[in-house]
Structures are given as C-alpha cells and as structure tokens.
Amino acid sequence: MNKNGFGKKLVTAPYTLWMVIFVVVPIALVIYYAFTDADGGFTFENMTYIFEYGKTFLVSIELALISTAICLVMAYPVAYGISRFEARRQQTMIMLVMLPMWMNFLIRTYAWMTILEGNGLINRALRYFGSDGFGMINTEGAVVLGMVYNFLPYMILPIYTVLTKIDVSTIEAAKDLGAGRRNVFRRVLLPMSVPGIISGITMVFVPAVSTFVISKLLGGGKTFLIGDIIENYFLGNTGMINYNIGASLSLVLMVLILISMTVMNHFDKDAGEGEGVLVG
Amino acid sequence: MKKRALSAVLSILVLLPVIAMSGCGGNSVVLNVYNWGEYIASGVTDQFEKETGIKVNYTTYDSNESLYSKISSGAASYDVIIPSDYMISRMIEEGMLAELDFGNIPNYDMIGDKYKSLEYDPENKYSVPYTWGNTVIIYNSAKVDAADVAEQSINLLWNEKYSGQILMFDNPRDAFGLALKKLGFSMNSTNQAEWEAAAEELKRQKPLVQAYVMDQIFDKMSSGEALIAPYYAGDVLAMQENNPDIKCYIPKEGANMFVDAMCVLKTSTKKAEAEKFINFMCSTEIALKTAEELGYATPQTEAKALLDPSITSVSFIYPPDEVLANTEVFFKLPAEINKLQSDLWTEIKKD
Amino acid sequence: MKLLSKVYNFLVFGFLYAPIAVMIVYSFNSEKSRTNFGSFSFRWYQELFNDDIILKSLYVSLLVAVLSALAATLIGTLAAVGIDSMKAPLKRAYLMVNNIPVVNPDIVTAVSMMILFVFVITRINGLNMGFGTLLIAHITFNIPYVILSVLPKLRGMNSNIYDAALDLGCPPLKSFMKVVVPEILPGIITGFIMAFTLSLDDFVISYFNSGSTAQTLPVTIYSMTKRPYSPKINALSTLLFISVMLLLVVVNIRQSAGVKKDKKTIKKEVR
C-alpha cells in the first residue's frame, strides 16, 4: 500500500547522504581535532587557549551585541513600514533590501572605508562646514558600523515576514477597544513579532560575533576578534598553523552560539519545530 | 519506471560534483600557478596559453603565510608559486621545493648576478627571481617637518609628534624586521631576548599607530590620511602620481631587501611545463611588461636596460650598490623563533 | 506620523545604498585612489576588460552561484517533500541537522569543511582542492535555505491532492511534477534566489575552501591586499549592480504585464 512512502524516503536519500558527509562529519572532525594534539593523542591542552583569548572573546561578543541591538532598533520600523504597503510595493521594497547583498560584502566594506576615512567623504563634508572632522575609521565604532551595515537586511527580512502575517484587523480591534498607539505596539505587535525578532537577532549576532574581515578592514587591524584568531590558526597570517587550536576555538564559538540560541528560543514559545522564520 | 527515473536523478546528483571536479582536467596539460594578488601584467597568462597550448589555472594569495598554509595542508596542488625570500628558504628546508632544471630555463642567463645565490637559496637551485625591491619609510613632506626626516631613520615611525598619523605593516615579519633594525639587531636574529625587545618596541609604538594595514597604506598616504608609513619602494611612484608631496628614504639603520622568486613544488607532476612557464616569465618581453605594470624592480638585465630611464634612475627603486649593501634579505627563522614571533605578534595585536 | 515614517525609511535605505553610490561614483575616477576624485573617466572600465584574472574569477563566481543554487534547489526540494511527510521525532532530528549550517557562524562551517577536505584529500591520491571543493561547500550551505523556504509551502498544501493523483493512476514522478511542484513553486523559486544570493555574497567559505584550480571573485579581491586597492573592482561592481537592477526591472515589468493579462482573461471569462 505504502508505495509512495518508499519513494519519499528515496527522495531524501541524496540530502541525507549530503548532510551527513558535508555537515555532520565535518563537525565531528572539528570536535576530534579540538581534543587531540598534532600526533592524534587525546588532550585538553587546546582548550586552555580559551583563557588566553578570553578578552578577545569578550570584545567579540560585546561588539556583536551592540550591533545586534542597533540592527533591531533600526530594522523594526522599516519592516513595519514595508509590511503596511500594498503587496506589489512590498515586493519591490524587499527586493531593495536584498539588492545590496548582490554586491559582495567585501566590496561594500571597501566602499565604507572611502566614506569613513580621515579624508573620507564624511570628514570632507564636515570640514566644508567648518568642523575639524573626527577619526572614525580604525575604531571599534567603525567595526560596529560595518557589522550593522552588512547584517541589517538579515534583521529586516524575518521581522517583515512575521509582521505581514499579523492581520490588520487585530490591530484595528485593539484600537477600537481603546488601546493607544503605544499599547498597540507593546501588547499586540511586539508579542506577535517575537519569532521574527528572535530569528533576526540570531541571524545578525552569529555572523557579527564571528567576522574577521570587517575587523581587518574597518578596524585597521587594531580590533582583533575571535574570527581573526581562528583564521590565523588555519590560514595563518602569523605563520603558526595549528588546526587543533583553531578547531578548539571554533568549537567554543559554536557552543557559545548554541547556548545563546537555546536561551533565545526560551523566549519564543511558538518555536515549535525549531524552524527559523526566513523570508517567506 | 519511476524507480529508474529517481535513480537517474540520484546519480546525477551524486555525480555532479565529481563531473565538476574532473571537468577542469581536459586533454591539454594544465598548470596551477599561485601568485600574489595583482602581481602579474595583464594578458600574460593568456599569451602563455596561446604560445604553448598549456592551460593555466591562475589563483592568488594575500600573504606568504597563507600561501604556506594552503600548500602545507597538502590538499591543494600547485605547480608554480612565487613566494618571497624567507618563505623560499623555509620551504627549501622543509623539502617542499623541486630542484630546477635550468636547461629548461635558458632565459635565466639574463637574470642579474646580484640576484643569484642570495642567502635564502645559497646554491641557487630552487628559485628564479621575479621581482625585487626594498622597504622604505614614506612620509608626507608637506606635513612632516624636514628636521624630523633629516636623520633618515626608522625612528620616524616612533615619533610621538605624529601620534595617530603613523601606519604600520600588518604582517609580523615586516613589522618585527623594522623594530629589530631600529634596535640595531639583525632582521634574521635568532636571539630570543632581541625578539622580546623588538616586541616591546612594537608595543610602545602601538598607541601612536593609526592602523596596521597593508594595501591601505597606499591610499591613506596618498590622500594625506596618514603622514608616515613603511612600504615597498615599488609602490611609491604610484603614490607620488596621486600626491606629489609623498617622499621616501631607505633608512640608515638598513632596510629589508626582498626578492619574490618563482619556484616549482616538489609535488608537481608537470615540472617541465612549469619550467617553461618560468622561462616565459623571464623573457625580456614579459619581464619588461611586468616591471612597467607592477612598478617593482626587475632582476632581468635586458628588461632593465629597455625600461624608461625615468624609472631606472629612481634611487629608491634601483638603489646604488653601497645602499644595497646595507640591506638585509629575510631568511627562514628557526621553528622556535617563528613560534615566538607568532605569539608575540598576537600579544601585541590583541591588547 | 506618515511623513516621519517616510523620512525614516528614506534614511535607512540611504544608509543601505550610500556605499553602493560611492562605489559607482568612484568607478569613474581618473585617479587610482579610493578617496581623491580626479576627473570623470572610463579608465578603470578599460583596465577591467584587460584584466583576464579578475574576469576569470567573476566567471567562477557566477558559475559556482548558478550551479550550487541549482543543485541545492534540486536536492533541497526533493528532501523537503520527504521531510514534510516524516513523523515528528525524525522530522525534528532532520531539521536540527538542517539548521546546523544556518546557525553556525560562516567561519566554523568553512573551517569544518576545510578540515574534511584536507583530511580526505591528503589520504586519497589524485584529489585536489579547487573548483570541486568550492562547489561542494557552496551547495552545502545553500541546501538548508532551500529546505526552509520550501517546507512552509508544503505544509500549507493539501496532501490529499497528491494521493488523489496517485489513486487516479498517475505515476508518482508525474503526479509530483504536475501536482506538487506547481503548488510549492513560489517556495522553490524563493529558495533558488536565496541560494544564488548567498552564494554570490559569500567570501568566508570560499576563502577557506578554494584551491588551485579556481577561486571566486571575492577571494581574488582579498588577495590584492599587498597591492594598492584597484578601482577596477569599483568598475566591476558597478557593472554587476546595473545588470542586477536591469534584471529586476525586467522581471517586475513582465510580472505586472502578466498580472494585467490575467485580469483581462478573468474579465473575459466573467463576460
């Protein structure tokens, strides 16, 4: 009877195979490398490097949190605004949000250098109006800006997706029942958009905490993030290649993100199947 | 029927990457060339392919260290690579390079004797120089006092007067090289204490440094964003084109002379073709084109003779022999010093 | 309030497009500088078309994006159908694994795949890191996004239609193509576009997993760090941007033309 059941198993076969070989096995290898030394013997020594780079971890987390917060505050009104347009306008606006991503992010980051530099466009404009201008590039602020810029679309899209699913009549009903603008937002809109906010937060925080290019280009090599250190251990600019230490730091980063995800999902009671809200 | 269709789909899926992987093979010989980014004159690989029928897969790297890590991983096979001096000696020592058959590289005769048998390849068996140059201290003559420059010293990079307007190399070998020379030590020092002293110097310099950069030095200096920076002499001419106030000197304490040379990897199965490529790159026509487009000095004597005298007369690109005598070529550091350098550099950068 | 929200939207979009505008303007700079603007010129466009290395890596980028998006869409769509019909515990396990590449930082995904490739290639003769590994890596991080955009459409679909088609004697593949695919097509298209976009935008994963036979454009650009930033990159990005814009405009016009047509036929039918 259940002949299509067999067919359905068969259609997932290539996927299952692929994910096992190229996702599960590599993660297992990271764990294996993290707990072995160069000769393959079991060791905890690689893990001690977490303490050596403790401060770097903290700086990375701090900058990523700041950029995530800024993204959230910036994105919510935009996502809301877009979701209130008529359908065709919405599509165009969403395309406009995604379009910058078609320029590779390295190129966009280079463009920011032109804007921020001491003799960049902003400072030149300031000087034109008589101000002295100020140093923006090569600071942690510039790194945060780079993160916000690059990852803002990842915040807008999921929030927009959940907001489109909210029935306008819900809001109207709340208004009819005498809820003020503020209450409508706090009691109706915000709770209903939690899943979108949560997936937005993860989609911004994760790439931000692990970036190594943004810190190199906009931070002038002075802000050293955990991503920079991992990169160094694998494709080492400092000339010390050590997959084992690199793997252990990657593992820590992975666990760190897993923990924060679990905490985040706690806030989201509707996240039943563990699916993120993506662009619908 | 349906099963056959499904298995067809399945096998296509599985085969897809395999086909893609082998797709690059083809019938003709394929050379994998690995070079610095933006470090070849335009159209050269095409010309080589046309003349010889050998296909070239040309890929690029951003530092000697990332070149080394790609090769030492053993997962990517290259034929021709163009590392710098110290990396060449490291690779020779680790047995990664093949001895060249100079019978296949007749154009080698046109490489100047000055650039042969240098410390990194003392017996001249493994490498053919591609470009060379030296590091210089660049400054903005409109903003930096002549009195501070008069000394012609590395100390300018540590001058507190220009705090926040100094740039520094974002790679440990060049940065430590400057600090070691500043203290009067060799750039190839094997003395731990000297390295630690140099690290102290770099830490002391960090608050004065606007940024640790490589390519950005070019833009930041020509736009006046920064006033003082070390860099490779070959790029100074282009900076001066954008900003005539840019000047430079070879520091009196001595500078680094670098040579980027072409080598063939031991694992290469296409050694003869690789040598053919090297020979091609050494031909007068290509060497001239390279020197003109890259701005770095050429070791090829015939090409140098054909170069515009306005370039060959520039003293910081083709310095006189007595200045050259004061320069030092990097060579491989012992493993423990290498590790020390890496640790010290991470320490400097992370705080 | 309306005005305020308009101004705000304008500012945010201004922020998103400012660097792109800068890049376009500076692609016409006669000087080789990222900050000084000399005069208007096409110099960098000319140099770009002479630079076979940049053009080749652009070709690799596009090829990898198209192939990986196609493969991911194929594998992902099929798998989504299977996953959708699974029982809860198994489904949860699948979705968890599916989420690994989505949730994991790029650098961890990149590093883990690099370890795998190095591990396998150094043990088996004749393999090499290059176009193949690049493609595999891109397919791997693309598949989950296809699944995540197809699954909701499947859930919204009435599964009885497919069974009905089978009961009426339609072979499974045909019923799948005729019944299921049209229903979930919007999800498949979204998945494909997302995969393509992510693939083009990627640098980190390509940086760690490219090898000796091919590298993508961002890797080529990144490797130029020893040399002065070349405005050729601006010229290239400008051209890319304009072609994407044109593509979108064409798609939009065709869509609205399609909508009009539909309206007409509906009107006719009503009459």
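Author: **A close look at chain B**

Let us start with two strands: β4(B) and β8(B) run antiparallel to each other and pair over 4 bridges. Strands are said to pair when DSSP finds at least two bridges between them. Within this pairing, B:Ile138 has B:Cys248 of β8(B) as its bridge partner. Strand β8 of chain B covers residues 246–249, with B:Ile246 and B:Cys248 on its covered face and B:Lys247 and B:Tyr249 on the uncovered one. In a regular strand, side chains alternate between the two faces of the sheet.

A word on the model itself. It is predicted, and local features need pLDDT of at least 70, side-chain atom pairs count only at pLDDT 80 or more, while totals for chains, interfaces and linings use all residues. Residues are numbered from 1 along each chain as its sequence is written, and chains are lettered from A and ligands numbered from 1 in the order in which they are written. Strands (E, at least two residues) and helices (H or I, at least four) are DSSP runs, numbered from the N terminus.

Now step back to the domains. Chain B is assigned domain 1 (28–132 + 258–317) and domain 2 (133–257 + 330–350), with bounds that come from an automatic or database domain assignment. Taken over C-alpha atoms, the centres of domain 1 and domain 2 of chain B are separated by 26 Å. Where they meet, 18 residues of domain 1 of chain B are in contact with 18 residues of domain 2 of chain B; contact means that the C-beta atoms, placed from the backbone, lie within 7 Å. On the domain 1 side, α4 (85–93) and β4 (127–140) of chain B each supply at least two residues. The most comes from α4(B), with 5 residues. By class, this side has 10 nonpolar, 4 polar and 4 charged residues. Here Ala, Val, Leu, Ile, Met, Phe, Trp, Tyr, Cys and Pro count as nonpolar, Asp, Glu, Lys and Arg as charged, and the others, Gly among them, as polar.

Finally, chain B has a neighbour: 26 of its residues are in contact with 21 residues of chain A. On the side of chain B that touches chain A, two or more residues come from each of α1 (2–23), α3 (64–72), β6 (209–213) and α15 (335–350) of chain B. The largest share of that side, 7 residues, belongs to α15(B). The residues of this side divide into 9 nonpolar, 11 polar and 6 charged.

Methods: Two residues are in contact if their C-beta atoms, placed from the backbone, lie within 7 Å. A residue is buried if 20 or more other C-beta atoms lie within 10 Å of its own, exposed if 12 or fewer, and partly exposed in between; C-beta atoms are placed from the backbone.
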